[in-house]
Amino acid sequence: MYAIIDIETTGGQFNKEGITEIAIYKFDGVEIVDQFISLVNPEIPIQPFVVKLTGINNAMLRQAPKFFEVAKRIIEITEGCIIVAHNAPFDYRVLKLEFNRLGYKFQKPTLCTVEMSKVLLPDAKAYSLGKLVRSLGIPIADRHRASGDAMATLKLFKLLLDKDIDKQIVKQQIKNEVHQGISPKLFDILENIPTSIGIFYIHNDKGSIIFIGKSNNIRKKLNQIFTADTKIAKRIQKEVYTVTFEETGNELIALLKEREELLHNKPVLNTAQRKSLFLWSVYQEKLENGYETLKIHKNDGRKNAIQSFKNQKSALQFINELYKENEIVEEVQNALSSAENINYPTVLHNELFVSLITSNQLKYNNIIIVLKGRNLNEKSAVVIENGIFKGFCFFDLNYQILNAQVLSKILIPLIYTKDVLNTVKHYLSTKKDYKIISF
């Protein structure tokens with residue numbers, strides 16, 4: 001759980017400042033679950049340059065609550081949270097300073113989105129909040145006011161969570177929980193898991209990921225694992241300390257994320273799932289007479305496959321539809337009716353064959369696949385450029401998704417493997433919950 005904070009102050013001498021406005025959004029990694037926004041009477045004058053910057057003046061704060069009147073609410077909303085802020089050392093220092101004046105020791109783990117951005121967004125030209133979020137296409141309102149800056153920080157933090165492939169943010173959170181002696185039981189874990197589609201990560205008490213899975217209903221899948229009697233399930237039940245998750249909004253990104261995370265993290269209990277699901281491939285072969293044909297074989301890493309499939313039936317269907325799209329229907333039907341087994345050779349003149357393969361490749365050359373997002377105000381996109389899978393992203397509805405500069409910055413790259421492109425192609429051929437934009 002995270003508390004996204006932004007504080008406006010009076011300015012002035014170091015460690016003599018007072019808070020003039022505070023905004024806190026309690027964030028569970030997916031959505032805001034609580035919030036607190038308030039002006040604060042600092043009981044000292046505001047520096048003129050701060051008045052000009054924020055628009056907050058002394059007259060506005062005369063009737064505002066003093067810090068001791070909002071202190072209890074701040075303690076309540078930040079309970080069990082990691083403090084997240086843009087330039088966290090400043091906000092955290094001022095907050096601790098105010099509590100020290102009351103004789104209360106306020107102590108929390110912190111995360112700084114400036115430092116995180118330098119690691120996860122190394123190509124950014126500037127790391128000030130305004131310039132950074134504008135470069136990422138993140139809308140920001142009420143700049144230099146606590147609520148506007150805190151909301152922009154939250155949106156930036158969501159993007160950073162998506163880009164944190166090594167899960168350093170999550171590991172830090174788990175280490176803090178272990179230090180505090182928190183040890184959730186299986187039932188308590190399930191209570192905090194959504195019923196939506198996405199990826200889940202099962203961690204041990206060191207924060208290490210021991211198992212990764214995906215599901216259209218994360219809670220239901222975890223419940224099955226926690227009650228199953230298999231060898232793997234029993235080990236998970238014994239070693240699980242906590243479960244984190246990422247909602248994806250759609251099955252395609254869940255499939256891609258799962259594959260990426262399995263290859264990157266290599267969880268000890270996922271050995272079977274790390275193997276490729278695409279066991280059969282369609283290959284281009286030249287016959288003795290010099291003509292070309294398509295044939296179905298088990299995967300052979302030494303050959304370049306046109307496309308790979310989970311079974312022979314899907315591979316045969318691909319060939320059939322490919323010929324159909326290119327109006328080679330009669331020849332295909334004759335081949336199908338005379339074929340004694342699934343691996344029929346349909347001989348084509350070379351020019352026609354080249355045209356056939358080229359048309360298939362061009363379908364996936366430069367496209368953006370637009371799908372559902374994680375909530376009603378969001379969509380997602382999967383990008384293929386020059387036939388290569390580039391990554392995916394989530395974007396607000398007011399984003400210009402075809403703005404290449406913004407798109408490149410919010411894109412979350414994944415390891416490119418043949419399975420990635422096969423997964424995308426298989427999804428496009430079996431689902432209809434997407435829109436394709438060519439570019």
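In this predicted model, the loop between strand S1 (2-9) and strand S2 (19-27) holds asparagine 15. Asparagine 15 is not a glycine, yet its phi is positive, at about 65°. That is worth a second look, since most residues other than glycine have a negative phi. With a relative accessible area of 33%, asparagine 15 counts as partly exposed, because it falls between the 20% limit for buried and the 50% limit for exposed.

Of its 439 residues, 48% count as buried. As for how the chain folds back on itself, take the contacts between residues at least 6 apart in sequence: 62% of them join residues at least 24 apart.

Next comes the nonpolar interior. In soluble globular proteins, nonpolar side chains tend to be buried together. Here the largest nonpolar core has 40 residues, and Tyr2, Ile4, Leu111, Leu136, Leu156 and Phe157 have the most contacts inside it. Helix H7 (residues 146-163) gives the most to this core, namely 9 residues. Apart from this core lies another one, of 20 residues, which includes Ile5, Phe67, Cys81 and Phe106.

The aromatic residues come next, with a count of 9 aromatic pairs. For tyrosine 92 and phenylalanine 106, the ring centres are 6.5 Å apart and the planes stand at 50°, so this pair is tilted. The pair links distant parts of the chain, with tyrosine 92 in helix H4 and phenylalanine 106 in the loop between H4 and strand S5 (110-112), 14 residues apart. Tyrosine 92 counts as buried, at 13% relative accessibility, and so does phenylalanine 106, at 3%. Phenylalanine 106 also pairs with phenylalanine 99: those ring centres are 4.7 Å apart and the planes are at 5°, so the pair is stacked. Phenylalanine 99 is buried as well, at 1% relative accessibility. Taken together, ring pairs link Phe67, Tyr92, Phe99, Tyr104 and Phe106 into a cluster. Two members of this cluster, Phe67 and Phe106, also belong to the core of 20 residues.

A ring also turns up next to a charge. The charged end of arginine 374 sits over the ring of phenylalanine 394, at 3.7 Å from the ring centre.

Finally, there is the packing of two helices. How do helix H10 (residues 218-227) and helix H11 (residues 231-239) cross? Their axes come within 7 Å, with a crossing angle of roughly 95°. H10 is therefore roughly perpendicular to H11. On the H10 side, Ile225, Phe226 and Thr227 meet Ala233, Ile236 and Gln237 of H11.

How values were computed
Residues numbered from 1 in each chain as written. Predicted model: local features only at pLDDT ≥ 70, side-chain atom pairs only at ≥ 80, totals over all residues. Heavy atoms only, no water. Helix = DSSP H or I, 4+ residues; strand = E, 2+ residues; numbered from the N terminus. Buried < 20%, exposed > 50% of the residue type's maximum accessible area, 1.4 Å probe, protein only. Core = buried A, V, L, I, M, F, W, Y, C linked by side-chain atoms within 4.5 Å. Phe/Tyr/Trp six-rings, centres within 6.5 Å; stacked < 30°, edge-to-face > 60°. Lys NZ or Arg CZ within 6 Å of the ring centre and 35° of its normal. Axes fitted to C-alpha atoms, helices over the stretch in contact; angles between N-to-C directions. Parallel < 35°, antiparallel > 145°, perpendicular 65-115°, else oblique. Contact = heavy atoms within 4.5 Å.
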